[in-house]
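Hi everyone, thanks for coming.

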Amino acid sequence: MKLFSGIGPNPKLVRMFLAEKGEAIEIQEVDLMAGENRQPDFVKLNPAGELPALELDDGRIIAETIPICEYLEEIFPEPSLFGSTSEERAVNRMWARRIDMKIILPMTNGFRYSEGLGLFESRMHCIPAAADDLKYQATLGLQWLEEQMSDNQYISGDNIGIADIALYAFLEFGKLVGQGFDSDSLPKLNSWYERIAARPSVEVSKHPSEG
Ligand SMILES: N[C@@H](CCC(=O)N[C@@H](CS)C(=O)NCC(=O)O)C(=O)O
């Protein structure tokens, strides 16, 4: 099994997920900045031309970050990061989906249509006029999340799960690209962020370019 990985929050999410499980698999670096993921050799593997992608031992490819994590959860069940019961799994998936829709999608498109335009305009249809509104939508998503955060240590309850890992990978990315969150107005989110940032999996899953 081999993970096609590279710079950026989606591959980071999968590396962090593996690190939380204490698993290390073969990693093949793909040069996202140079657009290697959009070249025919890679597009043959993942027609979406995006990272990450997971190559199974029989050569089949699984793409899309959350389905990759769901597969890894099944083959490396402990510790569970999706939940141990049907109800826990539903709650984890619910939060991961909310974070995806309300925060990750507007944040990443906001980046691609502004600071990332030079990199992305030849790769996809970009809408520069939408960038500021998308970034604002992501901040509204974070404000909404702050209001939902209870006294739980983690997004879905008492244990770290897929929703925490997804949110962390993208908030770390947001900080790098001018979409850092306002820690004063989002104190619960900030405490949560510091708690996750201190986990060994954050260090273990760093991209080689981070030193
Ligand atoms: N829907 C995909 C999104 C993957 C994605 O956007 N990956 C980024 C890296 S974080 C990428 O490959 N960007 C380079 C490109 O689109 O050319 C998933 O969930 O895996």
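Before we look at a helix pair, here is what I mean by an axis: a line fitted to C-alpha atoms, for helices over the stretch in contact, with angles running from 0 to 180 degrees between N-to-C directions. And please keep in mind that this is a predicted model.

So, how do H1 and H3 cross? Their axes come within 10 Å, at roughly 15 degrees. Angles under 35 degrees count as roughly parallel, and therefore H1 and H3 are roughly parallel to each other. The crossing is right-handed. If you want to find the meeting place, look for Asn10, Leu13, Val14, Phe17 and Leu18 on H1, which meet Thr65, Ile68, Cys69 and Leu72 on H3.

Phe17 takes us to the next topic. The largest nonpolar core has 45 residues, and those touching the most other members are Phe17, Ile165, Ala166, Leu167 and Phe170. Which helix gives the largest share of this core? That is H7, with 10 residues. Domain 1 (2-80) and domain 2 (86-199) both contribute residues, so the core lies between them. As for Phe170, leaving aside residues up to four places away in sequence, its contacts are Pro9, Ile103, Ile104 and Met107.

Last stop: Gly22, in the loop between H1 and strand S2 (26-29). Is Gly22 buried or exposed? Exposed, because there are 12 other C-beta atoms within 10 Å, and 12 or fewer counts as exposed. Between Gly22 and Arg112 there are 33 Å in space, C-alpha to C-alpha, and the two are 90 residues apart in sequence.

Thanks, and I'm happy to take questions!

Technical notes. Residues are numbered from 1 along each chain as its sequence is written. This is a predicted model: local features need pLDDT of at least 70, side-chain atom pairs count only at pLDDT 80 or more; totals for chains, interfaces and linings use all residues. A nonpolar core is a set of buried Ala, Val, Leu, Ile, Met, Phe, Trp, Tyr and Cys residues joined through C-beta atoms within 7 Å. A residue is buried if 20 or more other C-beta atoms lie within 10 Å of its own, exposed if 12 or fewer, and partly exposed in between; C-beta atoms are placed from the backbone. Helices (H or I, at least four residues) and strands (E, at least two) are DSSP runs, numbered from the N terminus. Domain bounds come from an automatic or database domain assignment. Two residues are in contact if their C-beta atoms, placed from the backbone, lie within 7 Å. Angles under 35 degrees count as roughly parallel, over 145 as roughly antiparallel, 65 to 115 as roughly perpendicular and the rest as oblique. A crossing is left-handed if the near helix is turned anticlockwise from the far one by less than a right angle, and right-handed if clockwise.
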